[in-house]
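This report goes through a structure piece by piece. Please look at the sequence and the model first.

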Protein chains: 2
Amino acid sequence: MASSLRHFAGPGTIPAAATASGTTCLLRRHTPNFCTFAALRPIRPSPAAAAKPRASPPSVEERKRQPSAAAPLRVGIVGFGNFGQFIAGGVQRQGHAVLAASRSDYSDYCAQHGIRFFKSVDALCEEQPDVLLICSSILSTESVVRAIPFHKLRPDTIVADVLSVKQFPRNLLLEILPPGFGIICTHPMFGPESGKHGWGKLPFVYDKVRVAEGGQAAKCGQFLSIFEQEGCRMVEMSCAEHDWYAAGSQFITHTIGRVLSQLNLKSTPINTKGYESLLQLTNNTVSDSFDLYYGLFMYNINATEQAIYMMTSKAQTSCQFFKQLDNLERAFQKVRQMLYDRLHNLIRKQIMERAPT
Amino acid sequence: MASSLRHFAGPGTIPAAATASGTTCLLRRHTPNFCTFAALRPIRPSPAAAAKPRASPPSVEERKRQPSAAAPLRVGIVGFGNFGQFIAGGVQRQGHAVLAASRSDYSDYCAQHGIRFFKSVDALCEEQPDVLLICSSILSTESVVRAIPFHKLRPDTIVADVLSVKQFPRNLLLEILPPGFGIICTHPMFGPESGKHGWGKLPFVYDKVRVAEGGQAAKCGQFLSIFEQEGCRMVEMSCAEHDWYAAGSQFITHTIGRVLSQLNLKSTPINTKGYESLLQLTNNTVSDSFDLYYGLFMYNINATEQAIYMMTSKAQTSCQFFKQLDNLERAFQKVRQMLYDRLHNLIRKQIMERAPT
């Protein structure tokens, strides 16, 4: 991993050894005050920052190329694995063009699906897509974004991501992208398994982190309308809020799915609804990579700083994920103990009944 | 519990202390050969046993009372708690009459729902229902059945049950019921929560354990058609097969539900499908009693004999439930260890990178 520990090496609670590099902390800097969560207000950049002017006025040639509000978008997808292809399907169904670049060669797949494939991000960027959608894994996103040749793109390009954590890419994009670029952080909370029968009513979380008024805002609206038109439940929410909720729900879901997948559960002719849902969960989890699970654990502000602190200093801190793992184990032990106790009592009673008085 | 350990005190693997009572073993006697399960053939009584003649020929008065195939059934429900009321709804929707008896007083509820309520099973049996449906808990079923005044019922009455384990009530009913009585063991694999929006496509398992040809078979068909007409997926399966499948699926589902219910999970604005199903599972489990969970554990032939043997002799046996609990814990530990290992490796790498070379 190119970034090593940089993304969670912030000041304050982190031991000196972890902060000695002097590099930027991608998670710490924008940590919200969690006491303010009750109101559920999305965190927005200041109006001044949002309306920040372009680095330079658009050239005549640029103006010519500027699509009208109704013109289809050209969406460049960087990282064209399972999830990138899945999202590309929706983009195409809504009438937009897809351009793709990936480390692996997907030229055959793209040829069959009417998608232009590029062997490098450089080549893709020369085509100057309206939106650059990062579909790499959590672990590789930092190196992928740092390698984008921004100077080849138009200066008002919108960059979006689809990661299952949100503060990390938000802060990464705010740090690295040229100031005129738009930033939309999104999380389609479904995937090739759970969304295989359509995207209707499935939650799509987004945060318009930095979108200038005018053409950029229009293109942003067009991009989000892809998911809206596909029937998603659109949830506008700050990246910080997303990560706070996700820490409490996604991690436990993935953990249970991973634990169950170890048990090799089989379908039976008499599955209850509950058992069906566990089989489904196991199925979905197995099709996700361990890297995703690890990413949820390591790239969420609610876990990482405390986790690294705990692992290096052995302190008892309030890391939410570690707490969740501990709680899960305690809950399991408690349920088992209740069963054992009942059995013990029954046997004791039986022995007492049979003992000579 | 009236029965103490009788229901699993069988010969063979059980220590001498547990079999000294000399009473019948309700689970052991009918244990099938599990090697024959592949063919999934329901286990039936021999044709001779199935067509066993009535203890005495029907009297003229009895013949008068014999309902025609089209006449609605009179279904007497013994045990009128949450589940009994839930099943009564379907019986009534299909045009049959419900009579109910329970330890608790449900006379108000029954008055509101057009059901005749009886304060004792004796009083209910004097009404001579066509079908006596036992809806008591697993733990109380043996004492409930033993207290039924069979002499007050017509000698071809059908007795059915709805327990989540099936070999235990099958053997209990075969042992206790007079020979002319019909026996249908059923398991509606849903409940007030999972079946609240209708019973369509939900599995209904049944085993016509002992049904004589003629009037009894017709009434049996009428009774089963209640569930068929409600849209259930009808699964005819021997009680032994049911328990074998259920041991592998129901127990793990209830265990996960119980463990999760200890964690106090909350719904979020961005639930994934997987998290939704965990919340639903937790909700369903919390509305079930711990007695049901305990009953699944203790009254399934695939667990109880080995469990009692293990608890009394400390031997390592092949009890399926104990194995499942151990596997679940091991799976949990493995997933956690994988996360910890990744984190450790990352920290080690970080330290190595910063150490002077």
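## A loop residue in two chains

B:Gln128 sits in the loop of chain B that runs between helix H6 (121-126) and strand E4 (131-134). Helices (H or I, at least four residues) and strands (E, at least two) are DSSP runs, numbered from the N terminus. This is a predicted model, in which local features need pLDDT of at least 70 and side-chain atom pairs count only at pLDDT 80 or more, while totals for chains, interfaces and linings use all residues. Residues are numbered from 1 along each chain as its sequence is written, chains are lettered from A and ligands numbered from 1 in the order in which they are written, and side-chain values use heavy atoms, with hydrogens and water left out.

B:Gln128 is not a glycine, yet its phi is positive, at about 50 degrees. Its relative accessibility is 18%, so B:Gln128 counts as buried. Buried means under 20% relative accessible area, exposed over 50%, and partly exposed in between (1.4 Å probe, protein chains only). In chain A, A:Gln128 is placed in the loop between helix H6 (121-126) and strand E4 (131-134). A:Gln128 has a positive phi of about 50 degrees without being a glycine, and A:Gln128 is buried because its relative accessibility is 17%.

## Chain A and A:Arg74

Chain A holds 14 helices and eight strands. Of its 357 residues, 54% count as buried. Contact means heavy atoms within 4.5 Å. Among the contacts of chain A between residues at least 6 apart in sequence, 69% join residues at least 24 apart.

A:Arg74 belongs to strand E1 (residues 74-78) of chain A. With neighbours up to four places away in sequence left out, A:Arg74 touches A:Ala97, A:Leu99, A:Glu127, A:Gln128, A:Pro129, A:Asp130 and A:Val131. The side chain of A:Arg74 also reaches the backbone oxygen of A:Glu127 at 3.0 Å. A polar contact is a pair of N or O atoms within 3.5 Å; within protein, one must be able to donate a hydrogen and the other to accept it, and residues adjacent in sequence count only if both atoms are side-chain atoms.

| Pair | Apart in sequence | C-alpha to C-alpha |
|---|---|---|
| A:Arg74 and A:Gly95 | 21 residues | 9.9 Å |
| B:Trp244 and B:Val165 | 79 residues | 9.7 Å |

Why does A:Arg74 count as partly exposed? Its relative accessibility is 29%. B:Trp244, in helix H10 (residues 239-261) of chain B, is partly exposed because its relative accessibility is 37%.

## Helices in contact

In chain A, the axes of H10(A) and helix H12 (residues 290-298) come within 10 Å and cross at roughly 145 degrees. Axes are lines fitted to C-alpha atoms, for helices over the stretch in contact, and angles run from 0 to 180 degrees between N-to-C directions. On the H10(A) side the contact is made by A:Gln250, A:Phe251, A:His254, A:Thr255 and A:Arg258, which meet A:Phe290, A:Leu292, A:Tyr293, A:Leu296 and A:Phe297 of H12(A). Eight of the nine residues of H12(A) are buried, and the helix is mostly covered. Among the buried residues of H12(A) are A:Tyr294, A:Gly295 and A:Met298.

In chain B, the axes of helix H7 (residues 138-146) and helix H8 (residues 167-176) come within 11 Å and cross at roughly 10 degrees. H7(B) and H8(B) are therefore roughly parallel (angles under 35 degrees). H7(B) contributes B:Ile138, B:Thr141, B:Glu142, B:Val145 and B:Arg146 to the contact, and H8(B) contributes B:Phe168, B:Leu172, B:Leu173, B:Glu175 and B:Ile176.

In chain A, seven of the nine residues of helix H7 (residues 138-146) are buried, so H7(A) is largely enclosed by the rest of the structure.

## A:Asn271

Where is A:Asn271 found? A:Asn271 lies in the loop between helix H10 (239-261) and helix H11 (273-287) of chain A. The relative accessible area of A:Asn271 is 4%, so A:Asn271 is buried. Its side chain makes polar contacts with the side chains of A:Thr268, at 2.8 Å, and A:Glu276, at 3.2 Å. Leaving aside neighbours within four places in sequence, A:Asn271 is in contact with A:Glu276, A:Leu279 and B:Pro203.

Terms used
Angles under 35 degrees count as roughly parallel, over 145 as roughly antiparallel, 65 to 115 as roughly perpendicular and the rest as oblique.
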